[in-house]
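Reader: Before we discuss the terms used for this model, may I see the sequence and the structure?

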Amino acid sequence: MTLLTVTGLTKSYAGADGDLPVLAGIDLDINEGEIVALLGKSGSGKSTLLRCLAGLIPPNSGTITYRGRPLTGANPGTAMVFQTFALLPWLTVQQNVEIGLEARGLPARERREAALKAIDLIGLDGFESAYPKELSGGMRQRVGFARALVVEPDVLLMDEPFSALDVLTAENLRGELLELWESGEFPTKAIVVVTHNIEEAVLLADRVVVLAARPYGTIRATYDIPLPRPRDRDSTDFTKLIDVIYQTMTGRDHGTPLPPPGVRAPAKRTPANTPLPAAGVDGLSGLAEILQRHGGRLDFAELTDELSLEVDDLLPLIDALELLGFAAVEGTEVRLTSQGCAFSEADVQTSKEIFAPAAIEIPLVRFIATSLANSVGGRLRAGFFRDVLAHHYTSEQVAEQLNVATDWGRYAELYSYDTLHEEYRLDPPPG
Amino acid sequence: MGVPRSPANRVAPSRPLSPRLGWFSWVDAVVAAGLLVLLYVVIRLGKDVTLSFAPTQVSGIDTDPARLPYYAGRSLLRMFAALGVSLVFALVWAYAAAHSRRLERVLIPALDILQSVPVLAFLTVAVTGFVALFPGSLLGLELASVFAIFTSQAWNMAFAFYHSLITTPRELDELSRGMGFSRWMRFWKVELPSGAIGLVWNAMMSFGGGWFFLVASELISVSNREYTLPGVGSYAGAAIVAGHLGHVGWAILTMAILVIGVNFLFWRPLTAWAERFKVEQSEAAQVQRSLVLDFVRRANWPRLLGRALAPLRETAGRAGRVFGVDDRPFLVDVRRRRAGDVLFTVVTLALIGWGLVSLVGYLAGQPAGLSIFVEPLLLGLATLARVVVLVAVATLIWVPIGVKIGFSPRLTRIAQPVVQILASFPANFLFPLATWLFLRTGLSLNIGGILLMALGAQWYILFNAIAGAMAIPTDLREAMDDLGVHGRRRWKRLIIPGVFPSYVTGAITASGGAWNASIVAEVVTFGGTTLTATGLGAYIAHATAAGDHPRLLAGVAVMSMYVVLINRLFWRRLYRLAEHRYSL
Ligand SMILES: Nc1ncnc2c1ncn2[C@@H]1O[C@H](COP(=O)(O)OP(=O)(O)OP(=O)(O)O)[C@@H](O)[C@H]1O
Ligand SMILES: [Mg+2]
């Protein structure tokens, strides 16, 4: 039976021209008995979609129904597990777990019984009277699970529930959760989990929904994972699935022809259609050096292993190298271009000299630099650029775009930025 | 983008279990007795409050030192009454501002102005108002005094709570709405605890500042009438009139005991207790400790009381459901909302406009007309000059000393509580002594006024300089040592940038305090002699004493304007500078 149905959902946040879409045209069903993973790059709108399912943020258009009834506010059939746990530090574990029942007006006795049962189920016995700050991260997240499960929601919503935990703790907790789910004792009928970790998605889910980030979050692909549990990470089926999803996520599966190295697409790129990936110069030159050390090419999977980074942290860096013409992505492999090699080998001054001409080709950087060159005294307020970008990005995204452009432009010595006066200046000043 | 990751998931040591005590131990007895005594004292002191009196006659203050404990109790009662009122006000005001889009637009700017208005100027208005409200009873005066103290505390506390309300972490908001909390539950379980630390610390600071207004409000002359309330402040006043320097000494001693005692018995335990509301998930290295709290915690009855009150909490929780569920429905009727906005704006503007028109009409009807503002504007420059000199000199003296203290943990441990108490000690208590000194040395009050104003205000600068110096990381200092950066270069590169943000906070408070103090510092009396300085403070004080309402109005308005303008044009900019450039 279908518990949640999303039809034609769009969600926008305010920009200067009105609303800027973050999610568009989302159709999704959550059925009884399944675990669904929402996967996507940072900023693709995973959390936004999850909160729409919970009825915490209103969609701009489209409907979300719970058991056939459209939502008009907080969803009565869901409960949420948070990445940062969201426990109340002034309440004990038991009081934290009871809080959902208290909100429903249950008498103290019943609350206590239900809470103790959930605490027992989730492996928190003995911690009932402890305060959250006495617990380790893993134990805290258990409290988060118990608190959500005790209200017996139809659908459990989890927003990156394991990503604030260390690797071993996360692995352990994930395992226990799956065991519980398989055992049939689990008090909910379906789970939706947001993650940016492909392996986690394939380990947990019956269905993986991949969200695309640009120009706005749409469902790029859906994969059914028919593998029996417990799943073997080293099986060929597993790794094959991971490879396929990797390629989908990095957007190279449609046969989009890559521009030859060094040659960039004609000048149709604008700050609006070419967002800067959230990567600082430090990070991207670090990645270039690592690639260089491995002979200039590496597989995604090798990279994530090598750096023990999540794709989510890695992808912006790769995107940045690619945008600058320092690297190219083929299939699941990242390869340094000749410029990229030169960049990674150079000393600071030379690397700036290589970086500057590459950076000036980036639409937003170029836009800032030319605007400054054409302004009186080579100075412009950040507010000017903010206003221009606000037509294409939400305010959060504008801040991020300008952050990256500032970092790149400063490193390239194209312009400088005065935080106090919120002002960009040509570097060196004209005249 | 970035996913916050907690670096380590260490297992914190579990809290030591309190030793199991019997059902009723001697600790319980002592604490219970203490509470009983407190209750008795409150009742005993409260009985006299409604004693009738004729406002024309100066009620007698007995300067026998044996009466001092009684007077101290009366003063203390006023302070705590004001604290209670301030707390309620702060909670209601901040809640309304944070949860109503429309009210926010009115309440928050209002708070900002109220914070800058010289509170002491209100006192006279309050006294006339409250006395008229309760003719023939001391209650009017008591209320006026409580009101004066309230005005020195409430705005800070409201701001603190408002700030914590609007910065409620997003997850907690989502938790509350997702779980279907009632509004009451959201307030009681999420919002109030999150704001508790800010509230307690702000209340403590404001309470320290409140002593000044207590003293000022116990002895006041309005419209050529002397009003006196039994209390330490009025005791000291009476002792001075009677010329008993010895009794003045007793009063000062009592005041010191009050300030220190309240700190030790009330604020320290409270701040230590409030530690449990820290949102930070890990156990902090340095925690507030309090002997008194440790003692009370050893008692059994707080826990028993908690258990006994559980049904009450349940009932309150259930009753709280009448306030509705914390939810934000998807559908808002845009037309109705728009109409509501328009109505609200129109009504607000109409009220303000009506007030302005009648005010201007009132002033224009006076003999002086609107030119009544000219004199206070000019006099304001004189007071401004005093404030500037005060802040500058206090900076030159106290910042180097504060830095010295802040760099030495040992000195800090001793100096910090002392300075805090010095800052709390009502400086106006010492004014008569200083006046006596001025009379003897022939120093003009035009200069001496600066000293009087500095008596209270300077400590904020010292206090914050110490705090700023403490915040400079030790490794930075060591790095400077290694690099051989000393003397002026060290000040320029390390100390000034490090101390600056904290200093600015202190200087704002100090200058605000100085403006306020000018009202009592520019006219002082000792025995039969009255000294007067040229300035806006004296102008307001004279207008008050003469019951000249148009001038009082003009004076207060001009002084508020000065304070607001200086805050906006000068301090805010420095504050921004401190935030952007110099934050460590
Ligand atoms: N309140 C908001 N106002 C404006 N823009 C927002 C707001 N919330 C999110 N956004 C933007 O919407 C986009 C999607 O955000 P969302 O948090 O859903 O992404 P996500 O996939 O969960 O990313 P992450 O992996 O970083 O958590 C982002 O670009 C973000 O900047
Ligand atoms: Mg997210």
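Reader: What makes the meeting of B:Glu314 and A:Arg111 a salt bridge?

Author: The model is a predicted one. In it, the side chains of B:Glu314 and A:Arg111 meet at 2.8 Å, N to O. The rule asks for a side-chain nitrogen of Lys or Arg within 4 Å of a carboxyl oxygen of Asp or Glu. The pair is therefore called a salt bridge, since 2.8 Å lies within 4 Å. Side chains of opposite charge can pair when their charged atoms come close.

Reader: What makes A:Glu171 and A:Arg174 a salt bridge, and where do the two residues lie?

Author: Their side chains meet at 3.2 Å, N to O. That value is within the 4 Å cut-off, so the pair is called a salt bridge. Both residues belong to helix H5 (residues 167-183) of chain A, where they are three residues apart, about one turn of the helix.

Reader: Which residues and how much area make up the contact between the two chains?

Author: The contact takes 56 residues from chain A and 44 residues from chain B. Together the chains bury about 4,300 Å², with 54% of it on carbon and sulfur atoms. A:Trp90, A:Lys133 and A:Leu420 supply 19% of the area that chain A buries against chain B, more than any other three residues.

Reader: How many residue pairs are in polar contact between chain A and chain B, and which elements of chain A give two or more residues to that side?

Author: The count is 10 residue pairs, both residues at pLDDT 80 or more. The elements of chain A include strand E6 (78-81), helix H2 (93-103) and helix H10 (311-323). By class, the side of chain A that touches chain B has 27 nonpolar, 14 polar and 15 charged residues.

Reader: Why are strand E1 and strand E4 of chain A said to pair?

Author: Five bridges join E1 (residues 2-15) to E4 (residues 61-66), and pairing needs at least two, so these strands pair. They run antiparallel, and A:Thr5 stands opposite A:Thr65 in E4(A).

Reader: What makes strand E2 and strand E5 of chain A edge strands?

Author: The open sheet has the order E2-E1-E4-E5 in chain A, with antiparallel pairing. Strand E2 (18-31) and strand E5 (69-70) each pair on one side only. Helix H1 (residues 46-53) of chain A lies across E1, E2 and E4, running at about 125 degrees to E1(A).

How values were computed: Residues numbered from 1 in each chain as written. Chains lettered and ligands numbered in written order. Predicted model: local features only at pLDDT ≥ 70, side-chain atom pairs only at ≥ 80, totals over all residues. Heavy atoms only, no water. Contact = heavy atoms within 4.5 Å. Buried area = accessible area lost by both parts, 1.4 Å probe. Polar contact = N/O pair within 3.5 Å; in protein donor to acceptor, adjacent residues only side chain to side chain. Helix = DSSP H or I, 4+ residues; strand = E, 2+ residues; numbered from the N terminus. Nonpolar A, V, L, I, M, F, W, Y, C, P; charged D, E, K, R; others polar. Axes fitted to C-alpha atoms, helices over the stretch in contact; angles between N-to-C directions.
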